Amino acid sequence: MSKVKRAGLIILGILVVLIGVLAVVVTVSIRRPYPDAKGTVTLSGLNDNVEIIRDEYGIPQIYAQNQDDLFFAQGYVHAQDRFWQMEFWRHVGQGRISEIVGEASLDSDKFIRTMGWNRMAADTVAYYREEQPEYYALLEAYAAGVNAYIDQNRDALSVNQTILGLVNEKWEIEPWRPIDTVAWGVVMSSDLGGNWSSEIRRARLIRELGEAAVANLLPTYPYDNRPVIAPTADQVNELPDDEAMLREMIAAVNWDEVNLDVMAGMPENGFALGSASFVGSNNWVVGGENTDTGAPLLANDPHLGIQMPSIWYEVGLHAPGWDVRGFSFAGVPGVVIGHNDKIAWGVTNVGPDVQDLFIEKINPSNPNQYEFTGEWQDMEIVQEVIKVNGGEDVTLNVRITRHGPIINAIPSVAPRLEGQNDVLSIQWTAQEPSRVLQSVILLNQAQNYDDFHEALRYWDLPSQNVVYADVEGNIGYQMPGLVPIRKNGNGLVPVPGWTGEYEWEGWIPYEELPALFNPKKGYIVTANNAVVDEEYPNFINIYWADGDRGQRIVELIEAELNGDGKVSADDIARIQFDSKSLVADSYIPLFANLSSSDAQVQAALERLRGWDRQLRRDSVPAGLFEIFRMQLANALLADEVGADNVNAFGGNVLLHQLADDPQAVYWDDVGTTAVETREDILLKALQNTTAWFAENVGGDMNDWTWGSVHTATFVSAPLGQSGIGPIESLVNRGPFPADGGPSVVNANSWSWGKPAAVTGHPSMRMIVDMGDFEASRTVIPTGQSGHPGHPNYDDQIELWLNGEYHPMWFGRDAVEAAE
């Protein structure tokens with residue numbers, strides 16, 4: 001062997017050894033933060049022994065001798081499995097993301113600090129400390145458990161922390177505090193209850209297109225053919241006798257004088273739970289007279305932003321006075337959704353209008369003053385200091401009016417933007433201290449409907465549709481939350497703030513909020529559809545979800561009741577995974593007599609005619625129809641409102657209406673000299689659909705399955721968005737072809753801006769059997785663990801994708817058998 005070959009082999013051997021060593025180092029670094037879930041740990045701060053039993057999915061059941069130890073242990077196991085999620089979320093909640101990420105997140109921190117999330121959280125902590133000390137003690141017990149884990153594992157908390165510490169400056173891992181828990185509630189309230197951006201978008205559209213055009217293109221809820229959750233005649237609450245309190249805006253606004261450009265920083269898909277475009281949920285409860293077991297069945301699947309790890313963390317809490325199982329947020333004590341030994345509950349988002357934008361007139365001589373009822377008033381100025389990883393501190397002066405913070409940038413000296421002298425402030429129910437933690441704790445311990453009803457009195461925000469079942473066979477519903485009573489206006493657009501005519505005058509009394517108990521039809525369904533009918537006397541909102549999901553769930557329940565007369569847990573599982581498009585029901589019949597000389601369009605028509613209208617990943621017609629729906633909206637509206645505005649108008653309510661109205665003006669393309677018909681536009685949209693697939697997937701229609709473009713990728717923040725392939729592969733999972741779509745029960749939503757990647761998804765699925773808790777079942781999209789590579793990091797993905805579940809063990813015997 002020559003010296004050159006020998007040297008080459010030596011070098012190759014060294015490289016192999018180095019690669020092997022590197023692989024070992026990487027593996028050790030990844031596995032080092034894995035928690036030890038077996039054996040005994042001695043911790044200072046506990047009063048007595050605590051036992052934690054985990055099943056194959058890593059779900060802990062905590063058995064304690066007292067409440068303080070119970071929440072200490074919950075904090076400890078949350079930190080064991082999800083500390084990185086908790087660390088990142090607490091920085092989001094207080095506008096401190098830049099301390100981890102650096103300058104890239106500065107706009108987000110400025111937005112959060114301007115809105116005042118950190119100040120709201122501080123006010124809530126002060127409320128608990130000063131007025132409800134027993135709940136503050138609970139927060140402290142939970143924090144002590146988190147800190148016990150931090151102190152034991154400070155240098156091995158998460159591989160995410162390790163990697164970020166290599167590319168950025170290391171930041172201090174601070175002790176967990178009650179404000180870190182409470183701040184998550186503000187994030188949740190913003191993502192689930194924020195509608196200020198809709199007011200701005202509507203105002204911009206009115207300025208561009210005119211009020212009449214916007215009203216025509218944004219139809220309200222179709223009460224004539226979609227369900228209402230709590231019809232006024234069925235409610236068990238105490239309604240006022242006066243007429244409807246909805247008051248229209250009485251003053252015209254010159255939108256050319258209003259600065260509608262607000263500060264940047266709000267992510268398109270929200271900060272944690274998702275954005276209003278796809279945030280929603282399904283829940284329903286069926287009374288025992290309508291089930292095969294003779295006991296109520298309760299179902300829930302909240303639709304939130306797709307992410308890694310899962311938003312939800314499953315847990316069981318058992319101690320004297322405590323016996324509850326369900327879903328929690330890492331960083332927050334208690335169980336948000338689930339059941340105890342007597343009752344079960346599930347939630348969906350109501351979406352009441354709880355944010356109003358006020359147009360403020362600024363003193364030309366003093367930018368720190370604003371007009372109110374003819375006088376200049378001083379703003380409150382709050383100085384926020386934002387620390388930036390690897391950079392200098394940034395100081396932000398937040399200007400606050402009687403309504404709330406100003407969300408435009410205001411120059412320190414005149415003149416301001418030419419012609420746009422008026423700015424916007426925001427009033428929001430979250431500016432009041434929130435009692436939602438108190439509500440959750442009371443709900444966890446509720447023993448009957450009266451306890452349930454009283455617990456929800458303190459659920460201030462975000463307002464939820466809460467369905468109920470108990471072991472006695474009762475079912476019910478309650479909408480809680482602070483919903484403002486307005487002196488005038490309906491919250492659709494910004495209103496004059498200087499006149500005093502649009503002030504909030506308090507909240508709808510809890511006793512007047514919608515409630516149901518054992519309704520005659522024997523079931524209750526909520527899917528973000530209209531909570532109340534037009535007879536309800538208080539104003540909650542005008543715009544609800546389109547009602548398609550609610551309608552489909554009702555249809556499927558009624559089909560079971562009209563078939564064998566009973567609903568089973570398996571029936572409910574099939575309903576949760578149902579992917580039928582009701583928009584397809586409106587449009588597929590219109591294809592019956594269409595034909596095209598374009599061979600691809602004709603082939604598409606033939607496939608669509610025989611389709612079952614289910615959005616399944618292996619279905620070509622499902623893919624064709626969903627992209628057709630996007631192309632149809634463009635073909636209908638781009639000529640009328642401009643291509644950039646189509647997404648603001650192309651909702652399902654409008655599409656259903658236009659399908660039934662061939663004479664609607666929108667079927668004609670005003671950009672041509674011809675007068676197009678409905679059939680012309682349908683064919684045009686289909687032609688654009690086949691062209692889109694040819695460009696994005698390829699020329700063979702057999703490859704145009706829905707799953708070829710509709711994929712779920714679970715992304716971990718912030719490393720999963722780093723753009724570095726190996727790191728993203730380590731922390732992310734996917735893409736996976738996925739069933740479902742927007743406004744179907746299996747709500748895997750997607751955005752027209754990025755067709756057709758999943759942006760919002762069923763963030764868990766739960767079915768509770770009140771006759772046998774051990775027959776209950778659940779699933780989350782990813783896994784319990786937040787540690788990449790851990791066996792429980794991604795072990796539920798296939799279950800979730802296929803509409804399958806794992807057991808929701810509850811009793812001690814079942815828990816021990818599953819260990």
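**Reading the model, from chain to residue**

Guide: In the protein chain, of the contacts between residues at least 6 apart in sequence, 72% link residues at least 24 apart. Please bear in mind throughout that this is a predicted model.

Visitor: How many helices and strands are in the protein chain?

Guide: The protein chain holds 23 helices and 29 strands.

Visitor: What radius of gyration would a compact globule with 819 residues have, and what does the protein chain have?

Guide: For 819 residues, a compact globule would have a radius of gyration near 28 Å; the protein chain has 28 Å, so the two agree. Along the principal axes, its C-alpha atoms fill a box of roughly 80 × 75 × 70 Å.

Visitor: Which residues of helix H11 are buried?

Guide: Helix H11, residues 436-445, is mostly covered, with eight of its 10 residues buried. The buried residues are Val436, Leu437, Gln438, Ser439, Val440, Ile441, Leu443 and Asn444.

Visitor: How is the packing of two helices described?

Guide: Two packed helices are described by the angle between their axes and by the distance between those axes. Here, the axes of helix H16 (residues 599-609) and helix H20 (residues 678-696) come within 9 Å and cross at roughly 105°. H16 and H20 are therefore roughly perpendicular to each other. On the H16 side, the contact is made by Gln600, Val601, Ala604, Leu605 and Leu608; on the H20 side, by Leu683, Leu686, Gln687 and Thr690.

Visitor: What is the make-up of the contact of H16 with H20 by class?

Guide: The contact of H16 with H20 has six nonpolar residues, three polar residues and no charged residues.

Visitor: Where does Asn518 lie, and what is the phi of Ser743?

Guide: Asn518 lies in the loop between strand E21 (515-517) and strand E22 (523-526). Its phi is positive, about 45°, although Asn518 is not a glycine. Phi of Ser743, likewise not a glycine, is positive and near 60°; Ser743 is in the loop between strand E24 (733-737) and strand E25 (749-750).

Visitor: Why does Ser743 count as buried, and why does Asn518 count as partly exposed?

Guide: The cut-off for buried is under 20% relative accessible area. Ser743 counts as buried because its relative accessibility is 18%, whereas Asn518, at 34%, counts as partly exposed.

Visitor: Is Asn290 buried or exposed, and which residues does Asn290 touch?

Guide: Asn290 is placed in the loop between strand E3 (280-286) and strand E4 (297-305). At 13% relative accessibility, Asn290 counts as buried. Leaving aside residues up to four places away in sequence, Asn290 touches Lys521, Gly522, Leu561, Gly565, Lys566 and Val567.

Definitions and conventions: Residues are numbered from 1 along each chain as its sequence is written. This is a predicted model: local features need pLDDT of at least 70, side-chain atom pairs count only at pLDDT 80 or more; totals for chains, interfaces and linings use all residues. Side-chain values use heavy atoms; hydrogens and water are left out. Axes are lines fitted to C-alpha atoms, for helices over the stretch in contact, and angles run from 0 to 180 degrees between N-to-C directions. Helices (H or I, at least four residues) and strands (E, at least two) are DSSP runs, numbered from the N terminus. Angles under 35 degrees count as roughly parallel, over 145 as roughly antiparallel, 65 to 115 as roughly perpendicular and the rest as oblique. Contact means heavy atoms within 4.5 Å. Ala, Val, Leu, Ile, Met, Phe, Trp, Tyr, Cys and Pro count as nonpolar, Asp, Glu, Lys and Arg as charged, and the others, Gly among them, as polar. The radius of gyration is taken over C-alpha atoms; the globule rule is 2.2 Å times the number of residues to the power 0.38. Buried means under 20% relative accessible area, exposed over 50%, partly exposed in between (1.4 Å probe, protein chains only).
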